[in-house]
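Walk through this model with the coordinates open.

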Amino acid sequence: MEGNMSLSLKVWRQSNKEAAGGFEDYKLDHVSPDMSFLEMFDVLNEQLIEEGKEPVAFDHDCREGICGMCSMYINGRPHGPLRGVTTCQLHMRSFKDGDTIVVEPWRAQAFPVIKDLVVDRDAFDRVISAGGFVSVNTGNAQDANALPIAKEAADDAFAAAACIGCGACVAACKNASAMLFVSAKISQLALLPQGQAERSIRAEKMVAQMDAEGFGACTNTGACSAECPKEISLENIARMNREYIGAKFSSSAV
Amino acid sequence: MATSSRLDAKIPQGQLESKWSKYRSSVPLVNPANKRNLEIIVVGTGLAGASAAATLAELGYKVKAFCFQDSPRRAHSIAAQGGINAAKNYQNDGDSVYRLFYDTIKGGDYRAREANVHRLAEVSGNIIDQCVAAGVPFAREYGGLLSNRSFGGTQVQRTFYAAGQTGQQLLLGAYSGLQRQVGMGTVKMYNRHEMLDVVNIDGKCRGIIARNLITGEIERHGGHAVLLCTGGYGNVFYLSTNAMGSNVTAAWKAHKRGAFFGNPCFTQIHPTCIPVSGEHQSKLTLMSESLRNDGRIWVPKKQNDNRPGNEIPENERDYYLERRYPAFGNLVPRDIASRAAKERCDAGYGVGSSKLAVYLDFAAAVERYGRGEANKNNIHNASDADITLWGKAVVKEKYGNLFDMYKQITGEDPYEVPMRIYPAVHYTMGGLWVDYNLMTTVPGLYSLGEANFSDHGANRLGASALMQGLADGYFVIPYTIGNYLASEIRTGKISTDHEAFVKAEAEVKERIDTLLRIQGKTSPELFHRRLGKIMWDKCGMARNAQGLKEAIEEIRQLRRDFWSDVKVMGTANYFNPELDKANRVADFIELGELMCIDALDRNESCGGHFREEYQTEEGEALRDDENYMYVSAWEHKGPENWELHKEELVYENIKIAQRSYK
């Protein structure tokens, strides 16, 4: 073993959706400051296997901050203490020798726990299915440069589209609201000419689905944006509200 | 050499330029009413899988799509950084379909099929059109038109990009198209499902066995065709830039059910990755090739120079790529850049604490961009500090997310000190052998994207993986699948009660039970590490006959150890990532053996396959076109037993030459 940090971990263990969960305490020695947070969990799991205990289930995949799969609620904050950083990109140098670290799953009614730190985020997929797209079948497109798009609009659309769909915004919000996630997609497409044809119906349908999934309402505390690992701006929520109200006033789908 | 009678690439007759258009006009069609009765199973939802599933559903087929992640949006295509190539010639710099075709064949060191690559180049432009129409926010210039940059192995600017997150934007585009079909009910999506076998009935692929990873339930799914879009197998090396979950299991099961495996030893080692920092390392992180547009690669001229990079004066730096390859400089193809870095480090010029790293330096770019900004704003007496400030802002706009990632992982700020980089396993050119229709040697079983072997020869050029994934899914399979399904309209619904399904399901269950029953001492993770070490040491950036023979024996021993000593915790009837991992590692071990066998068979060096015995005096790869201008397609005959079939590569439109980037 190469590191010299010793840590106390309090980790949420829950065997399935129905079961009651609780914290388990673990001691971990020889943690290197160069390890990522998930590599520290790899070490914990190897230690648990050695002891004949079941390892902690947690979601992770790319480990480079882009797939959106990792989702740990660390010391009361989604993805831990750093701004603009996912759990997988958080490194142990952000902690001190002797620290106690509390790790929980995302907590929201719309994200039921599957096991331990793993939650079900299918609700996000269903919100996208409700309208987070441009209805263009393959083969219909005109030349890509036929329609110039102002650089500023393209840049703003990209900034919104950088959302990784991890759900930290929901986990951060005291109401478990998904407004930041939904508004990022609505904004991306509202800012681009390609999104105009379905602009109103998209806002209506996505918001309706968001509500149906059981996400809470927005009270503008801004925790979502502050904790977002991609620093998606609150402006998107303002834009979504404009889009939604505009759509409702002129809706033919009342 | 003649092509094996077991392989028919089904390349259409006629001139290269007109093969695809003629094929499209003459391929059998399936009428809309019949499409509704034909079911297609798509495994994997990366660029190839998501685009194929969405497009086939749009055409009217009934589609079932599977991914092991919690959402199709997580597929590892999402991590692709630099960009996607297309022969649009928007930059007016002499690009054309032919040039993209030529660059790709040459970049692959003359080991790819002409007809497939030409088709790829032909549809490349349509991909960009399609993605823009779907709302993908590519980078743009102030005039509102699309921006381009350069990638390795080319002398034109044909790479379209969205900062360093092009894969993310393209995948989310394809994903939104897929979710649209899911919402319409034309695609049924199965998240957190892993394919554990394919089912063949009377010589045709008729479905899959999948495991619901949440409940552990084993499911049978029937279909008239199965598409494996399951990505590459770089994780056989344990450490790679792939996602933790990326695995070979689906492709490997198909291989064991009759699909030949093409060129398994062709692995891409990417030159610019963040170096290994310690034993705990679970994966490696790429620093996009696009950085080589602006970054200059160097090592100190003096061996074992321990001074910090920015204290080494200009005249004591060796910009070895610019020195060795003046025509392409820092933008030589990946295999060449990787070997050159290894050569310098092996010779004692490496930097950093491990000495297994070289510098990637942006100081010159910062200054150039800073001056450009000053000129743009009509400021002619700017201070050096201002120029640096403005230059850094431009670099940030182009590569900001990559610089942030580097800083987060290494704890060093690349705006201030040069990046340290080293080659790492990134992509696999090898994969399931497919014909021109993307069909494997099992009728009805297809393979798309990185999972197949078809387009990149022995080395893939940067920004071509995204191109191939979307080409296969959006523009190739929707046509070529008709060729097969037109004859399936009378088949009727596939019953999963057939004994082949029953048998395959029983075998899957038996294997899972065996894994849980062993209760040895070693975790799947540790077996994976041991395999990775063998593969990297003996079948990695440089290979030789002796090492490969040793590796084969070591892997065989590892396989025996695995099946007697693996320790899998938990049970099979709930969410159990340890069991999933054990299943995958078992397949990686078998694949590793085949990769070494293939590398041993190929007594030449080409592209990413570098056999130390076969090199030029300057240390470049030395091909043997007379004896090895073939695709190796391996047929699985039983444990530790494969038969080699050769597909001769015929070049009618390109003059074969020793690859030169000097």
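Lys27(A) lies in strand β2 of chain A, residues 22-31. Helices (H or I, at least four residues) and strands (E, at least two) are DSSP runs, numbered from the N terminus. This is a predicted model: local features need pLDDT of at least 70, side-chain atom pairs count only at pLDDT 80 or more, and totals for chains, interfaces and linings use all residues. Residues are numbered from 1 along each chain as its sequence is written, while chains are lettered from A and ligands numbered from 1 in the order in which they are written.

Is Lys27(A) buried or exposed? Lys27(A) counts as exposed, because it has 10 C-beta neighbours inside 10 Å. A residue is buried with 20 or more other C-beta atoms within 10 Å of its own, exposed with 12 or fewer, and partly exposed in between; C-beta atoms are placed from the backbone. Leu7(A) is 20 residues from Lys27(A) in sequence, yet their C-alpha atoms are 5.9 Å apart.

Now the chain contact. Chain A gives 66 residues and chain B gives 64. Contact requires C-beta atoms, placed from the backbone, within 7 Å. On the side of chain A that touches chain B, the elements giving two or more residues are α1 (37-50), β6 (113-115), α2 (122-131), α3 (151-161) and α5 (179-191).

Move to chain B. Its open sheet of four strands has the order β16-β10-β18-β19, with antiparallel pairing. Strands pair if DSSP finds at least two bridges between them. β16 (431-432) and β19 (641-648) of chain B stand at the edges with a single partner strand each, so one side of each lacks a neighbour in the sheet. Inside the sheet, β10 (261-262) and β18 (630-638) of chain B pair over two bridges. Gly262(B) has Ala633(B) as its bridge partner in β18(B).

Last, the helices. The axes of α3 (47-59) and α12 (465-485) of chain B come within 8 Å and cross at roughly 20 degrees. That makes α3(B) roughly parallel to α12(B). Axes are lines fitted to C-alpha atoms, for helices over the stretch in contact, with angles from 0 to 180 degrees between N-to-C directions. Angles under 35 degrees count as roughly parallel, over 145 as roughly antiparallel, 65 to 115 as roughly perpendicular and the rest as oblique.

Conventions:
Two residues are in contact if their C-beta atoms, placed from the backbone, lie within 7 Å.
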